[in-house]
Amino acid sequence: MDYDHRQVTCPQGQVSQGWHGPYPTSSPTAAPLIVARFTKSQCQPCPARTQCTSSRESTRTVGFPPRELRDLQLRVRTEQQMPEWKTRYAVRSGVVGTVNEFAHGHGMRSCRYRGQGKAHIQHVLTAIAVNIERLSGLSPAEEGPTPRRPTAFQNYLDQREIPRPKSWRTLGS
């Protein structure tokens, strides 16, 4: 794509004959589109025609974004290959997966009850159920955190074979 000369060159070396736009797209949130057209005389005799277009009679048209958006698109695609971007996206990926699980797996797109309070309780109870379900799937080695190391005082009691009560609060009673 040559934005300065307003032309596109195909892989076979043919140069487009028309450059139109940018046109607004059918969606209000989509980017505008520039359309480049090749003529029938360029496309008909081409040996690579079947790789370019499936149309028998019509010519080939190519749609692409304006230069500013294309440059932004290329920059973002380059950034997405960096390890820092992949690390940041991994967090988002986990969040999006959880939201998707709630929406599709547990029917959270619509509430069973009316009223904000009841809807909130439904969401909290569903979250608790999902957490229990996730915890039950862990292997026994992953279930709990490793116990804390004994303190110096606890080691002192153990060395002298003095029994330690379960709770120090019960010592006085």
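Select Arg67 and Asp4. The two form a salt bridge, with the closest N and O atoms 2.8 Å apart. The term salt bridge means a side-chain nitrogen of Lys or Arg within 4 Å of a carboxyl oxygen of Asp or Glu. Arg67 lies in helix α3 (residues 67-79) and Asp4 in the segment before β1, so the pair ties together parts that are 63 residues apart in sequence. Helices (H or I, at least four residues) and strands (E, at least two) are DSSP runs, numbered from the N terminus.

Colour by accessibility. Asp4 is exposed, with a relative accessible area of 60%. Arg67 is partly exposed, at 31%. The cut-offs: buried is under 20% relative accessible area, exposed is over 50%, and partly exposed is in between (1.4 Å probe, protein chains only).

A note on what is on screen. This is a predicted model, in which local features need pLDDT of at least 70 and side-chain atom pairs count only at pLDDT 80 or more, while totals for chains, interfaces and linings use all residues. Residues are numbered from 1 along each chain as its sequence is written, and side-chain values use heavy atoms, with hydrogens and water left out.

**Other salt bridges**

How many salt bridges does a search of the whole structure find? The search finds three.

Stay in helix α3 and select Arg75 and Glu79. Their side chains meet in a salt bridge at 3.4 Å, N to O. Both residues lie in α3, four residues apart, about one turn of the helix. Arg75 is partly exposed, with a relative accessible area of 47%. Glu79 also counts as partly exposed, at 36%.

Now select Arg134 and Glu101. Here the salt bridge is 2.7 Å, N to O. Arg134 lies in helix α5 and Glu101 in helix α4 (residues 83-105), so this pair ties together parts that are 33 residues apart in sequence. Arg134 is partly exposed at 40% relative accessible area. Glu101 is partly exposed at 25%.

**A surface patch on the way**

Select Ile121, Val124, Leu125, Ile128 and Ile132, and show the surface. These residues make a nonpolar surface patch of about 450 Å². Patches are made of residues with over 30% relative accessible area and no salt bridge; like charges are joined within 9 Å, nonpolar side chains (Val, Leu, Ile, Met, Phe, Trp, Tyr) within 5 Å. The areas come from the Shrake-Rupley method with a 1.4 Å probe; for residues, only the protein chains shown count as cover.

Pick Leu125. Leu125 lies in helix α5 (residues 116-136). At 52% relative accessibility, Leu125 counts as exposed.

**The ring cluster**

Hide the surface. Select Tyr3, Trp19 and Phe64, which ring pairs link into a cluster. The structure holds four aromatic pairs. Tyr3 and Trp19 form one of them, edge-to-face, at 5.9 Å centre to centre with 80° between the planes. The rule: rings of Phe, Tyr and Trp (its six-membered ring) pair if their centres lie within 6.5 Å; planes under 30 degrees apart count as stacked, over 60 as edge-to-face and the rest as tilted. Tyr3 sits in the segment before β1 (18-23) and Trp19 in strand β1, 16 residues apart. Buried or exposed, Tyr3 and Trp19? Both are buried.

Move on to Trp19 and Phe64. This pair is edge-to-face too, at 5.2 Å centre to centre and 65° between the planes. Trp19 lies in strand β1 and Phe64 in strand β3 (residues 61-64), so the pair ties together parts that are 45 residues apart in sequence. Phe64 is buried, as is Trp19.

**The strands**

Switch to cartoon. β1 and strand β2 (residues 33-37) pair in the antiparallel sense over four bridges. Strands count as paired if DSSP finds at least two bridges between them. Trp19 stands opposite Ala36 in β2. Ala36, in turn, stands opposite Val62 in β3. Four bridges join β2 to β3, which run antiparallel.

**Zoom out**

Show the whole chain. There are seven helices and three strands. Read along the sequence, the pattern is β-β-α-α-β-α-α-α-α-α. Buried residues make up 16% of the 173 residues.

Last, colour by pLDDT, the predictor's confidence in each residue, from 0 to 100. The chain averages 81, and 88% of the residues score at least 70. Where is confidence lowest and where highest? Helix α6 (residues 140-143) is lowest, at a mean of 59, and α3 is highest, at 91. Where pLDDT is low, the predicted coordinates should not be read in detail.
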